[in-house]
Amino acid sequence: MTTPNSSGSGRVPSDQTDVQQPSIEKTPEHALASRFPNVKVSDVAPKRNHVTSDLLHAGAALVFGILVILVAVYLHGLTTGVEDDAHSASQAFDWLVDLPSSLLQQLIVISIVVGVLIQLVLNREWLQSACSVGALLIGFLVCWGVSELLSYHSSAMLINTLLSSGTRVGPSLLPDFYAAIAAFLTVAGPRDTRSSVKRSWNILLAGAVIFIMTSWSSLPGVLVAICIGRMVGLSIRFGVGTKNSGAWGYQIVQALSSIGLHPAVLDRRPEASDHAPMLTDDLTDHSRLYDLTDESGVHYVVSVLDNQVQITGYFSQLWQLIRLNGVAVRHDRSAVSATHHHYSMLLGLRDIDLTCARPYGVCDYGESSIVVFEHRETIHAVDCRELDDTEALSLMNYLQRAHQRGFTHRQITADTIARSAIGDMVIAGWQNGDYASTTTNITLDKVQLLTLFSTMLGIERTVSLARRAWGESTLISLIPFVQKAAVPAATRQMEGWNKQIVEDLRTALSKLAPEEVAESMEQVTLTRFNARSFFGLVLLVIAVYVMLTQMRPDEMIRAVKQANLWWAFVVMLFGFLAWVGSAMALGAFMDRDRRRPFGLLCSQIAAGFTAVSMPAGIGPAFVNLQYLRKSGYRNTTATAIMSAVLAVQGVITVVLLLLIGIFTGRNTLSGMIPTNTLIIAIAVVALAISVIMAIPSVRRKIANKYLPLVKSYARSLLETLTQPRKLLGSVAGSLILNLSTGFGFWAALMAFGFNMNPIETTFIFLLANTLGSAVPTPGGLGAVEAALSVAFSAVGVPAALALSATLLYRVVFYWLRIPLGALAMKWLDKHNLI
C-alpha cells in the first residue's frame, strides 16, 4: 500500500490501487494504552451491531430448506440416488456399521458444546455464551415443531424420504441435534475468529456424513435440520447484535502511526454530528468520525469504516447491480476495498483541479479501514433551494469537468451539494463513484442533477441553465434516460417531488429536439425489474405451479374427446362473446377518443391470464385499472370507472338471479346465505371499526387524510354512474357477459347430450359460479368445479355428465384463456397499454 506524504500530495499509483495489503495485527486495547502514554484518547465503547446480512442469510437458509423439501417430494429419485451412493461408499468402511450411532451422536454434541463454551467463558463472553445456550434450546424446540408439522400435514412420500433409522414420525421426524448444534454454533461464531467454532462445524459435518452413510440419518432430513438451526441462530444473532470487531481508541492510534501521524489528541465525535454540518469525510456511509490533533498541532478528521456496517452498503450495491440494466455499479465487499477506492477517487479529482475533500492517507486495522482527511479545507452543506443561477451553473460545470476525465458520481442528491471554505461549489460524496466510466453512467449523472434541480429550482429554470452549461445536443441525448429509475431514492423523498416531474422534464427536453427526432426516441430500459415485469413474473410462476399441481390433463382430454365437436365450438363461441360483453361494459364508461376496440378486447382476454394467479374478479379489475391508466386516466378517475364496471356487473348478476328465480319458480336461492356466519362477520367488522374510531389520533388521521380521498372517489364514481348513455352501454355489456357464460355451460351440457332449459341452466350456473368464485383461490380453482358439479347433480343431471360438462366448460373458459391471455398481455405491453 502506497502512503502519501504529510502534505497530501502523495498518490496511489494506478497499478496498485486494487492491491490489498495485509492489515496491522490487532492488539488488545489495554496493551496499547501503555505504548502511547502521551496520547489523549476520548472514545465510546463499541456497540453491538445488528448486522443486516444475518437476516439475509437467515432468509437464504429458509429458502434452501424449502427447496430441499420440494426436491425430496418432486425429485424423489434424485435424493434416493444420492443416499444410495453414500450407502455404497460406506461398504468400503465396514467398521462404520459397527459404530454405536446414538453414542457417537452424544459424543459429538458434548464435545462441541463443551469446547465452544470453554473458549467463550475464558474470553469472558458471558452474553455470547448465554445466547448460544439459548439458541441450542430454541433450535431443539423449533425442529420439534417443524417435525410435528411435517408429520401430520405433509404427504406420505415426504415423510418416507425424511425418515431414517434414527428418526420416527412425530416430533423426532427430523434429526433435531443438527438443528440445535447449528443454532448454537451460529450464535457462538463467527467461525473465522473462534477456532473452537470452526473446529466444531467440521466435526458436525463429518458426523453428518457418517450418519448418512450408515442410514442413521437421511440426507434431506440433515439438510432441513441444519437450515432450521441456521435460521434460528442467525435470527437470534441479529436480535442480540454482534460485537464490533473493528478498530477503536488506541488501536486507531496504532494504525495512524503507520502512515506517519503522531497523535496527541483523538476525540470521537457524537454519532448525531458525524456528518453535520461539514462534509469532512466526503459523506462516507456508516463511518465513525474522530477529530485528531497531532504533536505539531495540525488538525485532521479520521473516518473509520467497519466491515460489519459496510456489508449493508455492499448488499445495496448488489441490489442496484441486479436491478439496473446496462449500468455499471460498484460492489465493494469489504471496508478495505470501499475506502481504498474512495481514496483513489478523491486523489483523481484533485489531480484534475476539482475542489473536493482533501485526503491525507489510508490505513487498515483488523476489520476496519481508516481514511484521514486534512481539516484545513472544510466543505459545508448547501440548501439547494437557495442556489442562484451562477451557483447552479458552477455545479453543472463541475460535473461536466469530472465527466470529461471519466469520473462519475452515481448518487447525486441534495446531501451531496456543498460549498468550500472559499466559496467554490462542490459535489461531494464520491464513495460509490468510479473512473473510466461508460456513457450510460455519465448520462445518468446528468439526469440525476437535472431532476434534483427541477425539484428544487423548477423545470424551466433548470433546462435553461443546462442549455448554457451542456448545450442542446447533450440535453436531447438525455431524453431516453429521463425516467424514475434514474432518480435516487433520496431525491424522490424530498419535499416538492412528485411523479409528474419526470414526465414534465422529459417533455421540456423534447421541445428542444426536432419533432421527428423527439418522436423517434424510445425510452431506454434501465431496470431489469419493475412493477410490471415483477407482476408478470409472479403471474408466470403461479400459473406454472397451478398448472402442474391442479391441472388434470387426462380427465380433461377424456371429457373433450367424449364431447360433441360442434357443441364444443359453440362453447368457445360463447367464451368469445363473454370477452366482447366485458369489453363493452368497460368501454361504455370511457371517452370516445380513448376507446380502442381491439385494445379493449385484448385487455379482457389478458384478464384470463391473471385469473390463474388471483382470486376470481381481482385479476380482471387489476387489468382494467392498468389499462385505464395507460389510456390517459388519472388514478381517481380510473378507479371510479373500474369500480363502476364492477358495480354494474354485480347488480346485473343479482338482478338476473332474482328475475330468473322468480319466473322459473326455482327456490335454490333460499337457504344459501349462511346467516350465522354473515352476522358474525358483520359484528366483527363493526366492532373493529368502532374500536379504531374510538382512538382520537386514528380518528383525526382518517378524517383529515383518508376521508377526503374517499369523498373524491365517491364523487367520481357517482359522476360516472349518473351518465345514462354510458350506464346503458355498460348494462348491455354486462348482460352479454352474464348470459354468455351461462349459455356457455348450457352448451357444454348439450355437448354430452343432456338437454336442459337454457334459462334455468343460466340461473343455476350463475348461483353456483358466484359461490365458487368467492373462495380465494386463483380463478376459484377447485371451488368452482365442485360448486358446478354439485349444483347440477342436485337438479337431476347425472353426476358423471355434470363433471364432464364442468371440465369442458373450464377448459374453454379457464385453461384455454391462460395462453391467449399471455399473448394479449404481451401485445398490450408492446403497445404500452398495460
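**A chat about a predicted chain**

Visitor: How many disulfides does the structure hold?

Guide: It holds zero disulfides, a disulfide being a pair of cysteine sulfur atoms within 2.5 Å. In general, a disulfide is a covalent bond between the sulfur atoms of two cysteines.

Visitor: And is Cys 227 buried or exposed?

Guide: Cys 227 counts as buried because its relative accessibility is 10%. Here buried means under 20% relative accessible area, exposed means over 50%, and partly exposed is in between, with a 1.4 Å probe and protein chains only. Cys 602 is buried as well, at 6%.

Visitor: Okay, what kind of model is this?

Guide: This is a predicted model: local features need pLDDT of at least 70, side-chain atom pairs count only at pLDDT 80 or more, and totals for chains, interfaces and linings use all residues. Residues are numbered from 1 along each chain as its sequence is written, and side-chain values use heavy atoms, with hydrogens and water left out.

Visitor: How many helices and strands are in the chain?

Guide: There are 32 helices and eleven strands. Both are DSSP runs numbered from the N terminus: H or I with at least four residues for helices, E with at least two for strands.

Visitor: How much of the chain is buried?

Guide: Buried residues make up 47% of the 834 residues. The chain exposes about 40400 Å², and carbon and sulfur atoms supply 62% of that. Those areas come from the Shrake-Rupley method with a 1.4 Å probe; for residues, only the protein chains shown count as cover.

Visitor: Let's do sheets. What is the strand order in the open sheet of six strands?

Guide: The order is S1-S4-S5-S6-S8-S7, with mixed pairing. Two strands pair if DSSP finds at least two bridges between them.

Visitor: Which ones are the edge strands?

Guide: Those are S1 (40-42) and S7 (359-365), each pairing on one side only. From one strand to the next, the twist averages 20 degrees. For angles, axes are lines fitted to C-alpha atoms (for helices, over the stretch in contact), and the values run from 0 to 180 degrees between N-to-C directions.

Visitor: How do S4 and S5 pair?

Guide: S4 (residues 263-268) and S5 (residues 288-294) are antiparallel, with five bridges. Leu 266 has Leu 292 in S5 as its bridge partner.

Visitor: Which strands does H10 touch?

Guide: Helix H10 (residues 250-257) packs on this sheet and touches S1, S4, S5, S6 (299-306), S7 and S8 (368-374), where contact means heavy atoms within 4.5 Å. The direction of H10 makes about 120 degrees with that of S7. Helix H12 (residues 335-351) packs on the sheet too, touching S6, S7 and S8, and its direction makes about 170 degrees with that of S7.

Visitor: And what about the sheet with three strands, what order does it have?

Guide: That open sheet runs S9-S10-S11, with antiparallel pairing. Its edge strands are S9 (379-381) and S11 (425-427). Neighbouring strands are turned by 40 degrees against each other on average, direction ignored.

Visitor: How many bridges do S9 and S10 have?

Guide: S9 and S10 (residues 417-420) have three bridges. Ala 381 has Ala 418 as its bridge partner, and His 380 stands opposite Arg 419. On to S11: three bridges join S10 to S11, with Ile 417 partnered by Ile 427.

Visitor: Which residue takes a positive phi in the hairpin of S10 and S11?

Guide: That's Gly 423, with a phi near 100 degrees; the hairpin has four residues between the strands.

Visitor: Switching to loops. Where is Thr 413?

Guide: Thr 413 is in the loop between H13 and S10. With a relative accessible area of 7%, Thr 413 is buried. Leaving out residues up to four places away in sequence, Thr 413 touches Leu 452, Pro 488, Ala 490 and Thr 491.

Visitor: Is Ala 436 buried or exposed?

Guide: Ala 436 counts as exposed because its relative accessibility is 72%. Ala 436 sits in the loop between S11 and helix H14 (439-457). The C-alpha atoms of Ala 436 and Gly 406 are separated by 4.8 Å, although the two are 30 residues apart along the chain.
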